Amino acid sequence: MARDRIERAAWSVLADRGLVATVEEVAREAKVSIRTVFRHYGTRDHMIASALRAQLYHYGESLPVPEPDATLDVWLPELLVEVHRLNAEMGRAYWELASSVGTLSGELAEVAAERLIGRQRLVSAVTRGAWDLAGGVGRYPRWLLDAFAVHLSAFATRSLVADFDRTADEVSAMSARVLLMAVRAAADPVELSVMTPVRS
């Protein structure tokens, strides 16, 4: 089906070219005419927004949810592998969408706002899941949420992959080590008192 080919082509072009992707590039990648793209989507922004929404939906559906018998040591590393793989796969357009909140207009601004809400929900849910699996009592500390936000970020993936020549799997392994230590320290008051810096 032409629409499916166009959507897959848009994912590929957006990952490589970012939000400057053109209808011509997507049509060429999909091996369809420009007219066919416009017939299915109407405008360039609608084509890009539709592709990004489909990717964001796929992102949310791909992440493992902890089973009733899950352990922190198994679930969190598995989740991080999938997060950093998806961050790398979504590529440039996703990073640009994340960094352009407030500067986009129309349907692209709507998608950026949807991405932000989805990301905030994801980070809260993952932090809560890890906190519960670690035996945390009450509400997790805000700094733990911030640590998860950093390590689940597409910017963490991009920085280490592009600037330090790491693979998505290496980024996942590093994030898992850091977050496992952080959540255990937060859930253990004795360990936390050792790790908490003294304020001057």
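The axes of α6 and helix α7 (residues 142–151) approach within 9 Å and cross at roughly 120° in this predicted model. Angles of 65 to 115 degrees count as roughly perpendicular and those over 145 as roughly antiparallel; α6 and α7 are therefore oblique to each other. Their crossing is right-handed. On the α6 side, the contact involves Arg119, Val123, Ser124, Val126, Thr127, Ala130 and Trp131, which meet Leu144, Leu145, Phe148 and Ala149 of α7. By class, the residues of this contact comprise eight nonpolar, two polar and one charged.

A further helix pair is formed by α8 (residues 154–164) and α9 (residues 168–187), which pack at an angle of about 120° with their axes 9 Å apart. This angle makes α8 oblique to α9. The crossing of α8 past α9 is right-handed. Ala156, Thr157, Leu160 and Val161 represent α8 in the contact, where they meet Ala168, Val171 and Met174 of α9. Six of the residues in the contact of α8 with α9 are nonpolar and one is polar, with no charged residue present.

These pairs belong to a protein whose secondary structure consists of ten helices and zero strands. From the N terminus on, the order of elements is accordingly written α-α-α-α-α-α-α-α-α-α. The C-alpha trace of the protein spans about 65 × 40 × 35 Å along its principal axes.

The largest pocket holds about 300 Å³ of space. The elements that contribute two or more residues to its lining are α4 (44–62), α5 (72–99) and α6 (106–133). The greatest contribution comes from α6, with seven residues. In total, 16 residues line the largest pocket, and those nearest its centre are Leu56, Gly60, Arg115, Gly118 and Arg119. Classified by side chain, the lining contains nine nonpolar, three polar and four charged residues.

Note on methods:
Residues are numbered from 1 along each chain as its sequence is written. This is a predicted model: local features need pLDDT of at least 70, side-chain atom pairs count only at pLDDT 80 or more; totals for chains, interfaces and linings use all residues. Side-chain values use heavy atoms; hydrogens and water are left out. On a 1 Å grid over the protein atoms alone, a cavity is a set of points where a 1.4 Å probe fits but cannot get out, and a pocket is an open set with protein on both sides within 12 Å along at least five of seven lines; lining residues have an atom within 4 Å of a point. Grid points are joined across faces, edges and corners, and a volume is the space filled by probe spheres set on the points. Helices (H or I, at least four residues) and strands (E, at least two) are DSSP runs, numbered from the N terminus. Ala, Val, Leu, Ile, Met, Phe, Trp, Tyr, Cys and Pro count as nonpolar, Asp, Glu, Lys and Arg as charged, and the others, Gly among them, as polar. Axes are lines fitted to C-alpha atoms, for helices over the stretch in contact, and angles run from 0 to 180 degrees between N-to-C directions. Angles under 35 degrees count as roughly parallel, over 145 as roughly antiparallel, 65 to 115 as roughly perpendicular and the rest as oblique. A crossing is left-handed if the near helix is turned anticlockwise from the far one by less than a right angle, and right-handed if clockwise. Contact means heavy atoms within 4.5 Å.
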